[in-house]
Amino acid sequence: MSRVIDIQNSFTSGELDPKLIARDDVKAYDAGLTTALNVVVLPQGGVKRRPGTKFITELGGSPENGIRLVPFEFNTSDAYLLAFTHNRMAVIKNGVLQTNIAGSGNNYLTTTITSAMLTKMCWVQSADTLIVTQEDMVPKKITRTSDTAWTIANVTFTFNPQHAFTLTIENTSSAGTLTPSGTEGKITLTTQHSYWNASDDIGSFVNVIGSNQFGRAKIVAVDSATVAQALIEIPFFNTDALANADWEHETGYEDTFSGSRGYPRTATFHQGRLFFGGSKSRPSTIFASRINAFFDFNPGEGLDDDAFVATLDTNQLNTITDILSANYLQIFTTGGEFFAPQDFSDPLTPANFIAKLQSSHGSKENIRVQNISGSTIYIQRQGKALNEYIYDRGGDGYLTSQISLLSSHLLSTPIDMSIRKATSTDEGDRLLVVNNDGTCAVYTLLRDQNIVAATQFTTDGLFLNVATVVSDQYVAVKRTINSANKYYIELFDEAFTLDSGVSGGAASSHSSGHLNQKTVKVIGDGVMQADVTAGASTITFASSTSSSYQAGLDYTVTIKTLPIEPSIQGYASLRGFKKRVLEVNAFLNETQNLTINGNTIPIRAFGTDNLDVAVPEFTGTKTLHGILGFSLTGQITIGQSAPLKLHLLGMDYKVSTGG
């Protein structure tokens, strides 16, 4: 039998996939965990209790049929969460529900965005206007005037892009000869007899097919029944009159965006244009508006500031799932990832636009991609991997890498995600991925230090949606309250250690019925009170508070190490040997409560001077001796017996090994 001392001074690998349990040769193993539940990893290496959630409001408008949370950031002081449910949009600012929206007397703006549309809804913001797209809905324009003044209207297109879904070569015998006024540029086309129709022919084409000539022109305006204006696409040979048999009229063009053909799927603003990525009837096509004329998709003469349309033609269907304006225009599809290359000194134009395929992983529909620190994060098409799409200057293109490789088990059919950018050096960027089982896979990212640390969030209920407004991360949560399903908006708040929490000052109760009949934890003046059962309109405390209180739902915190694999001379591995942890030294920072292998660790010494006094925040080392029992893994489990602060920096432990 041997005794060794092992140490874990970092948790920056987060929770590792169970399939890595035998890979102690992997560098990530030394900083990894078997379980990291309801904790966040800090870039310095420690791990702490996740922030609780502050209760904001209950959602109406049939939230059981669909919810979509959308950030709206007008400026740093006027930033909002827009919570969409069936035909409703609630507005939340700084954690407060706005009332009497648009003077209606309601706490919401009435919309025509139905529950069925919310899952596939996409949006993009410009100043005080939000453009909302969904393939079965006329694009909406939501405009903010003040905190409570919001309007919604259908987008009206100055020019709707045209497409021949059913191409027809029209019989031109009734038109007679056709005489062009020029051979290139903008010309007029004059027929011998009345032929042109202003309502039908704009957007159609004339093709020269005979008399040893060739050419193609697009009709852009109709002056009269015999005169049409056209833009030459392929130069004519001369201006001679063309006999009826020597030209043809290509028709069948119609509005691409319509009730019968569907509407745009995704949208972004890029270099002064509004880009739509795909439509219901043309899912692989990019539509770019004219410069600074966001609803005008007139291709005109093909000049640099004119609109243009381009289709992603590859050997498979590439339904566009999202588009993003970054250094380059990025295009994500079900079949691969594209970008539109350009010289930084030259904008995208009808003449130079091209979409280059960079990788063929495909991205999952209905989950918005997230851009952070020069890279773009997206969920792979099957929902089994979290990928990073980042520009490689050396290769002059984009590379895709799987950042969830060591923790893909935490992804369970993702349905939403949002990233919160770090606001200090004490934290990393936090990516929250909502799974369809109501859990969240959470990734602490610090890419310049190669930190990708995965943990899992759970709650007494189900997480449904997430959105980040500046530095505030909101979630929509489904909770069972008094045998009924309730749908709440809640805000992750570092000041809370409870979920669906409420807080205040000196009081004996809190007026709220949102936790009716739930067992509620109460922290009064920093002291844990006895649990109480919430009432239909009030949470009554076991004892009155003199300065502060917090009340809400507890959640389980678990930090479990990987199987201990200490190095002993002469042994390649101790995996088959029984082990006993004799002593654990936990290095703590500002911690009020923790357990080690189920044993509560005292934070303060007992005495009459600390009864009914807040538990101090302890920084230093706490030691647990006399842990009983042998096991093949020798794992250590850190938990909590009370919902107070926990920040574990690292630990070392003495291990006894035997046969």
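User: Which residues form one aromatic cluster with Tyr 328?
Analyst: In this predicted model, a group of aromatic residues comes together as one cluster that includes Tyr 328. The structure holds 29 aromatic pairs. Besides Tyr 328, the members of the cluster are Phe 332, Phe 339, Tyr 378, Tyr 389, Tyr 391 and Tyr 398.

User: How many residues apart are Phe 55 and Tyr 488, which form an aromatic pair?
Analyst: The structure holds 29 aromatic pairs, and one of them joins Phe 55 and Tyr 488 edge-to-face, with 5.0 Å from centre to centre and 80 degrees between the planes. Phe 55 belongs to strand β6 (residues 52-58), while Tyr 488 belongs to strand β41 (residues 484-493), so that the pair links distant parts of the chain, 433 residues apart.

User: Where is Thr 334 found, and is Thr 334 buried or exposed?
Analyst: Thr 334 is found in the loop between β28 (329-333) and β29 (337-340). Leaving aside residues up to four places away in sequence, Thr 334 touches several others, among them Leu 317, Gly 362 and Arg 381. Because its relative accessibility is 15%, Thr 334 counts as buried.

User: Which ring does the charged end of Lys 622 sit over?
Analyst: Arg 50 lies over the face of Tyr 555, at 3.8 Å from the ring centre. The charged end of Lys 622 is placed 4.5 Å from the centre of another ring, that of Phe 618.

Methods
Residues are numbered from 1 along each chain as its sequence is written. This is a predicted model: local features need pLDDT of at least 70, side-chain atom pairs count only at pLDDT 80 or more; totals for chains, interfaces and linings use all residues. Side-chain values use heavy atoms; hydrogens and water are left out. Rings of Phe, Tyr and Trp (its six-membered ring) pair if their centres lie within 6.5 Å; planes under 30 degrees apart count as stacked, over 60 as edge-to-face and the rest as tilted. Helices (H or I, at least four residues) and strands (E, at least two) are DSSP runs, numbered from the N terminus. A charge sits over a ring if NZ of Lys or CZ of Arg is within 6 Å of the ring centre and within 35 degrees of the ring normal. Buried means under 20% relative accessible area, exposed over 50%, partly exposed in between (1.4 Å probe, protein chains only). Contact means heavy atoms within 4.5 Å.
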